[in-house]
Amino acid sequence: MALFDKAWARRTGGQFVLRIEDTDQNRLVEGSEEQIYQTLDWLGLGPDESPRLGGPHGPYKQSERLDTYRPYVDKLIEDGHAYYCWCSQERLAQLRADRAAAKSPQTGYDRMCLGMTKEERAKLPGFTENPVVRMRVPDDVELGFDDLIRGHVNAPRPDDQVILKADGFPTYHMAVVVDDHLMGIDTVVRGEEWISSTPKHILLYTWLGWQVPRFAHMPLLRNSDKSKISKRKNPAARLMWFREQGYLPDALRNFLQLLAYPILGEGQEVESFESFVARFDWADIATGGPVFDLKKLDWLNGQYIRNLGPEALTSRVFEYVDRMGQAQEVLGRDLTERDRSIVRAAMPLVRERLTLLSEALPKLAFLLVNDDSLVFDADSVAKLKDGADEIQHAAVEVLKGLDDFSADAIQAALRARLCDDMGVKPRLAFAPVRVAVTGSRVSPPLFEAMEILGPQSTLHRMQRFEAEMKRQ
């Protein structure tokens, strides 16, 4: 919602307003407001007006605007568009149960309190001293409206919705209409689950004599099995999860755009926010229930990583490692300045292989561990072919006499001895060397890694591995 809100605001020279709608005090979750700020800032989708930034229409938190709503509720009561309801929760629950038992098609409130005074209602069962206020929906309520995305839409008939709760807090329906009018909101963007509420909101605008804004109801995101994404069941519904996994904010922003908007052109999935804004049109939004495909996001994130220069990528990796404390997890200690120098030198070796920022340090950890602490992966050792010990011994002897320890010189010397002289195919010739130097049969480019390690560490590791193979 924020992405498309902000794109439209930028496209039209408007303002993107962040309002905290916290009138349902029972549903407040500690830390959720802070998470909204962090997420929008991280994605580069920060608002123009908000509780933190302020603005000409504050306060921007509904719980701080309670005095604003009551006069409009009173006006609706005075004009006959709303009424007090003294029905207890127990009475309403029994009403629902009786209808369910009778398989009645009726839903919503039965208007028992309509036209009654408090005294009259108190004589009947299911009375409570603290009433709510309900809007009185006319029988001829208009159910159709024009949507910027969907065209003409018909919604189901609404019931007499509560607009002021017994605790004095307005419901979403009342508060959002009042706030949108007072804050000058002319385009309301929300999920398609609110389509059924739109006729109620249009009624409130009309009754209060206000201009009805335009509505755009976005499609709901779906899991790969087409089920609705649940915040309780799917960690990806919490956007900061992506930051914790090592996704880049620009990639995630781009991905969210692709879920409901056509690509720039054939094969042009990668697009800047500025380009998206320049061509934005509500009519182009797809309404087919977009699927949140993490594999597509992984691919897109990899594209963004490879579009970063080595220095920029290294900076992003360090920021991630430091923020997440990843060095302690991977190495059992914090990064030293020497470690950071090695990572800077080695980043070009893994850049093309990264999908997430979180993968960089584990892929380069073999360069940072003590030579005697390097663990030789048992499965990698087991898959080495017969003759690996002879290859390893020959490789050690070659490297001992090498004056130029650059990647090209290392490769040329090993290829001449192992492949040309011994007749071993390169894939088999370099496998034991790779395990000795990196601990695994799969690693970043071998000869460049050996150059970064230097002759002393490289030979120490290779001799350790040679000795280990002799013991087996």
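Lys103 follows helix H4 and has a positive phi, near 55 degrees. The model is predicted. A search of the whole structure finds 23 salt bridges. Strand E2 (residues 127-135) pairs with strand E1 (residues 82-87) and also with strand E5 (residues 162-164).

**Helix H4**
- H4 (residues 89-101) has 13 residues and reaches 18 Å from first C-alpha to last, close to the 18 Å expected at 1.5 Å a residue.
- Arg91, Leu92, Leu95 and Arg99 are buried in H4.
- Seen down the axis of H4, the buried residues fall within an arc of 100 degrees, so they line one face of the helix.
- An α-helix has 3.6 residues a turn, so residues three or four places apart point the same way.
- Gln89, Glu90, Ala100 and Ala101 are exposed on the other side of H4.
- The cover over the buried residues of H4 includes E1, helix H5 (118-122) and E2.

**Strand pairing**
- E1 and E2 run antiparallel and are joined by 5 bridges.
- Tyr84 stands opposite Val133 in E2.
- E2 and E5 pair in the antiparallel sense over 2 bridges.
- Leu164 in E5 is the bridge partner of Val133.

**Gln257**
- Gln257 is found in helix H9 (residues 249-260).
- Gln257 counts as buried because its relative accessibility is 0%, under the 20% cut-off.
- Beyond residues up to four places away in sequence, Gln257 touches Leu3, Phe4, Glu271, Phe276 and Arg279.
- Gln257 and Glu271 are 14 residues apart in sequence, and their C-alpha atoms are 9.3 Å apart.

**Salt bridges**
- Arg157 and Asp139 meet through their side chains in a salt bridge (3.6 Å, N to O).
- This pair links distant parts of the chain, 18 residues apart: Arg157 is in the loop between strand E4 (151-154) and E5, Asp139 in the loop between E2 and strand E3 (144-147).
- Arg157 is partly exposed at 40% relative accessible area, whereas Asp139 is exposed at 69%.
- Glu192 forms a salt bridge with Arg222, with the closest N and O atoms 3.8 Å apart.
- Glu192 lies in the loop between strand E6 (187-191) and helix H7 (198-207), and Arg222 in the loop between strand E7 (214-218) and helix H8 (240-245), so the pair ties together parts 30 residues apart in sequence.
- Glu319 forms a salt bridge with Arg243, with the closest N and O atoms 3.7 Å apart.
- That pair links distant parts of the chain, 76 residues apart: Glu319 in helix H12 (residues 310-324) and Arg243 in helix H8.
- Arg19, Glu21, Arg65, Asp179 and Asp180 are linked in a network of salt bridges.

How values were computed:
Residues are numbered from 1 along each chain as its sequence is written. This is a predicted model: local features need pLDDT of at least 70, side-chain atom pairs count only at pLDDT 80 or more; totals for chains, interfaces and linings use all residues. Side-chain values use heavy atoms; hydrogens and water are left out. Two strands pair if DSSP finds at least two bridges between them. Helices (H or I, at least four residues) and strands (E, at least two) are DSSP runs, numbered from the N terminus. The expected span of a helix is 1.5 Å times one less than its number of residues. Buried means under 20% relative accessible area, exposed over 50%, partly exposed in between (1.4 Å probe, protein chains only). The arc is that of the directions from the helix axis to the C-beta atoms. Contact means heavy atoms within 4.5 Å. A salt bridge is a side-chain nitrogen of Lys or Arg within 4 Å of a carboxyl oxygen of Asp or Glu.
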